[in-house]
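Please look over the sequence and the structure below before reading on. The notes that follow begin with a single residue and then move on to other parts of the chain.

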Amino acid sequence: MNHMESETHDVAIIGGGPAGLSAALVLGRARRRVVVIDAAQPRNAPAEHMHGFLSRDGMPPADLLHTARVEVRHYGVEIVEDRVVDATAGFALRLAGGRTIEARRLLLATGAADVLPEVPGARERWGRDFLHCPYCHGWEVRDRPIGVLATGPGSVEHAHLLRQWTDDVIFFTHSHTVTAEERATLEARGIEVVDGAVERLVVDDRLRAVQLADGRTFPRDAVFIRPALRGHTDGLAAALGCELLAGGLVPAGADGRTSVPGIWAAGNATNPRAQVITAAGEGSAVAIVINTELVQDDLNTAIQQAAADAAA
């Protein structure tokens, strides 16, 4: 087939992470014609291992995706390594490589990106020993000296949560204002509060310490933040007319429906708290809803055709 021509699928899934591939597995097994368009921008790419996924705990994220791709292809799912550059209602997707794909339904599983503080060393060590999720990484740094870098509302709560894994926690206020009540709760749990702007993370082969602008240095084996998430800035959801939240995430109902009929969302594209196993579960659940709606569409078409045949 000439890739410049339009190709019609039952479902186009944009994003080939756990949510998108899990949905593709369910829909492929339901004998739907499915295409997954993957721009290869996984949020957890910097991490060496993922955790909390029953039967896959400790697996490198890339290995999970490789295994998942093999599984979905077994059911006839097509995976296209490309990026959507334009989308129109209907749903027609134009890819960077020139191909156009049309689909009866769309699933946005594009994930999201973490907003990191502009602190030297932060990007270099992200996902290694500069971390975000205690449930993903807390066990690996248990009983070791860790820090929590304040980034805004919720950071104090994050510090209290991390106290579960170690009794050596320092809360760096950085540019965040800590109330007297918050400070008292931290001190009550033995969490040291250090005021002052963080200038950099001290790094050689790994994270060694947190250095403040006034020159003070605090040895730490790991530092956590509670990052904000932003949707990918390709404008795809907006081009399709989807309502967006302030950070660019796509609001969706409990069944994954967005504000645009025929478009669903799953995983970090809509749920900032979704871990790998959560995203996979959401993809599976949304796929069932999508297939159910397609069955109803097929039924309506059959009834209309039968009526037309009878009237002929």
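Ser 55 is exposed, because its relative accessible area is 58% and exposed means over 50%, whereas buried means under 20% and partly exposed lies in between (1.4 Å probe, protein chains only). This is a predicted model, in which local features need pLDDT of at least 70 and side-chain atom pairs count only at pLDDT 80 or more, while totals for chains, interfaces and linings use all residues. Residues are numbered from 1 along each chain as its sequence is written, and side-chain values use heavy atoms, with hydrogens and water left out.

**Chain as a whole**
- The protein chain has eight helices and 17 strands, where helices (H or I, at least four residues) and strands (E, at least two) are DSSP runs numbered from the N terminus.
- Of the 312 residues in the protein chain, 47% are buried, and the C-alpha trace spans about 85 × 35 × 35 Å along its principal axes.

**Two residues with positive phi**
- Ser 55 is found in the loop between β2 (34-38) and α2 (61-73), and its phi is near 80°, a positive value in a residue other than glycine.
- His 174, in the loop between β10 (169-172) and α6 (180-188), also is not a glycine and has a positive phi of about 55°.
- His 174 counts as partly exposed, because its relative accessibility is 21%.

**Helices α5 and α6**
- Two packed helices are described by the angle between their axes and the distance between the axes.
- The axes of α5 (residues 155-162) and α6 come within 10 Å and cross at roughly 10°; axes are lines fitted to C-alpha atoms, for helices over the stretch in contact, and angles run from 0 to 180 degrees between N-to-C directions.
- The two helices α5 and α6 are therefore roughly parallel to each other, a description used for angles under 35 degrees.
- In α5, Val 156, Ala 159 and His 160 meet Glu 182, Thr 185 and Leu 186 of α6, contact meaning heavy atoms within 4.5 Å.

**An open sheet of three strands**
- Three strands form an open sheet in the order β12-β13-β14 with antiparallel pairing, and two strands pair if DSSP finds at least two bridges between them.
- β12 (198-203) and β14 (217-219) stand at the edges with a single partner strand each, so one side of each is left without a neighbour in the sheet.
- Three bridges join β13 (residues 207-212) to β14, and the bridge partner of Ala 209 is Pro 219 in β14.

Notes. Angles under 35 degrees count as roughly parallel, over 145 as roughly antiparallel, 65 to 115 as roughly perpendicular and the rest as oblique.
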